[in-house]
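This briefing concerns a single protein chain, shown below. Please keep the sequence and the structure at hand while reading.

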Amino acid sequence: MSKTILVLGGDGFCGWPTALRLSAEGHRVTIIDNLSRRRIDAELGAGSLTPITDMPTRLAAWQRVTGRHIDFLATDIAQDPEGLHAAIKAINPDTVVHFAEQRAAPYSMRDAAHKRYTVDNNIGATHNVLAALAAIKPDTHLVHLGTMGVYGYDGDGLELPEGYLDVTVKGPDDKAYARSILYPTQPGSIYHLTKSMDQLLFQFYARNDALPITDLHQGIVWGTQTADTRLDHALINRFDYDGDYGTVLNRFLMQAAVGHPLTVHGTGGQTRAFINIQDTVRCVSLAVANPPQRGERVKILNQVAETHRIADLAALVADVTGCEVALVDNPRKEAAENTLKVSNRSFRAMGLEPMLLREALLDETLEIVQRFKARANINAVPATALWTSENRPGIVPAKAAAA
C-alpha cells in the first residue's frame, strides 16, 4: 500500500538511499534536510570521497531515470519547530522516518561547542518531531534510526535483547512483581547519549499520546551504494572516510587505497555490530511496512547483521589489500576488549537475510575508493577527537606514516 512518507535528514549517508528506496516502492516521499552535513564537510576539510551532487540535481536525476518525483524542503527541524509543524500539517504523512541527527561520536566529543551542538540538534530535532506529531497527527508512524551504542559495550557475554529487559522486583510484601524495562543504557559518547535520551522521549510520547513509534538500534554501516544510487552518477551516495565521520571499515579501505597503515585503536579487541548500507535500507522499508498499533509500547528492533572484533576486521582488509596494520593509542574512553552478542530475531522474522562481510566482501567499496582516492584529504583520516584530556593518542600524522 502506497504511503505518504516524510524523510527527515534525507540528504545523508543513510537517509538518501532510504528516500530513493521508499520512492521506488511507490510511496510519496518528501525529504526535509537543513544540509548541515555538507557544511560540516567544509568545517572538517574532508568532503565526501564520492562527488555527491546538490539536492536539486539529485532529485532531477531520480525523476529522469525512474519517472518518480521526490519533494524537498530545506528546513532545520531542530531550530524551526514552526516550519516543521507547518510541513507536517501540509504533507499529512502516514510515516515519518527520522535520520535528522548529528551521527558521529568523534565529532560529538571534539570540544564543548561540538557537545552542545550535538545535544541541541539531536534532542531538539527529536522532541520537535514528537511534539508536532502529537499535536497534528498522532496516528503517524515515527521510524527513528538509533544506534546499538545505547546498550554500551561492557563485554559481559549476555545477548543484547531488542530494547527491553524482563526483570522481577521484590515488593515489600515479599511478592515478586514482573516488569519489562528499557535495557540499561551505557552511552560511550555525547552522540550515543543523545540516542539514549531519545529513548525516554519515545517512551513518554508512546504512553502519553499513543504515538506509534519504531526505534531502530543500528550497527556500524559499511558499503556505499544501493541498487537505486547506482542508477545514475548523480545519485551516488556519500562516502565518509575521515576520523570523525568515516565508519571503521570505510576508513580502513581508504587507508589501504593510499598505502596508509590501517590504524587500529588500542589492541583492536573492541567488538562491534555491523550492517551493510543495502540492508539498512531494507530494514527501514520493513519497519515502515510493519508499524506498531497506537497505544502499543515503542517497538525496538536491533538493526544488525553480524559482529566483528576491530582487529579481525583490520586483518580481513589487510588480507584483501595487502596493507599493514598499525596499533595506535585509543582516543576513546572505552574497554580495551569486549564481547558482543546481539539479537536480531525481529528483522529475520520479517524475512531479512542480511549481507555478511565475507559473502558480499568489499569489491564495490574498494572500486569506489580506488576511483576517487585523488579527492581525499589524507590528513583527515586519523582520529583526533579525544574523549578526555587524559588520553592523548600517539597517532602518527598521515603524511608521516605514509612516508
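The model is predicted. Its largest nonpolar core contains 37 residues, and helix 6 supplies the largest share of that core.

- Helix 6 contributes six residues, the largest share of the core.

**Helix 6**

- Helix 6 covers residues 112-136 and has 25 residues.
- From its first C-alpha to its last, helix 6 reaches 35 Å, close to the 36 Å expected at 1.5 Å a residue.
- The N-terminal end of helix 6 is capped by D111, which places a side-chain oxygen 3.1 Å from the backbone nitrogen of A113.

**Helix 7**

- The end C-alpha atoms of helix 7 are 27 Å apart, in agreement with the 27 Å that its 19 residues should span at 1.5 Å a residue.
- S189 caps the N-terminal end of helix 7, with a side-chain oxygen 3.3 Å from the backbone nitrogen of Y191.

**D11 in its loop**

- D11 is placed in the loop between strand 1 and helix 1 (15-24).
- The relative accessibility of D11 is 4%, and D11 therefore counts as buried, the cut-off being under 20%.
- The side chains of D11 and R38 are joined by a polar contact of 2.7 Å.

**Second largest pocket**

- The volume of the second largest pocket is about 170 Å³.
- Its lining consists of M1, K3, D94, T95, D139, H141, P212, P291, P292, Q293 and R294.
- By class, four of these lining residues are nonpolar, three are polar and four are charged.

**Cavities**

- The model has two cavities of 30 Å³ or more.
- The second largest cavity holds about 30 Å³ of space.
- The residues F13, R103, D240, Y245, T247 and N250 form the lining of the second largest cavity.
- This lining divides into two nonpolar, two polar and two charged residues.

Notes
Residues numbered from 1 in each chain as written. Predicted model: local features only at pLDDT ≥ 70, side-chain atom pairs only at ≥ 80, totals over all residues. Heavy atoms only, no water. 1 Å grid on protein atoms, 1.4 Å probe; cavity = no way out; pocket = protein on both sides within 12 Å on 5 of 7 lines; lining within 4 Å. Points joined across faces, edges and corners; volume = space filled by probe spheres on them. Nonpolar A, V, L, I, M, F, W, Y, C, P; charged D, E, K, R; others polar. Helix = DSSP H or I, 4+ residues; strand = E, 2+ residues; numbered from the N terminus. Expected span 1.5 Å × (residues − 1). Polar contact = N/O pair within 3.5 Å; in protein donor to acceptor, adjacent residues only side chain to side chain. Core = buried A, V, L, I, M, F, W, Y, C linked by side-chain atoms within 4.5 Å. Buried < 20%, exposed > 50% of the residue type's maximum accessible area, 1.4 Å probe, protein only.
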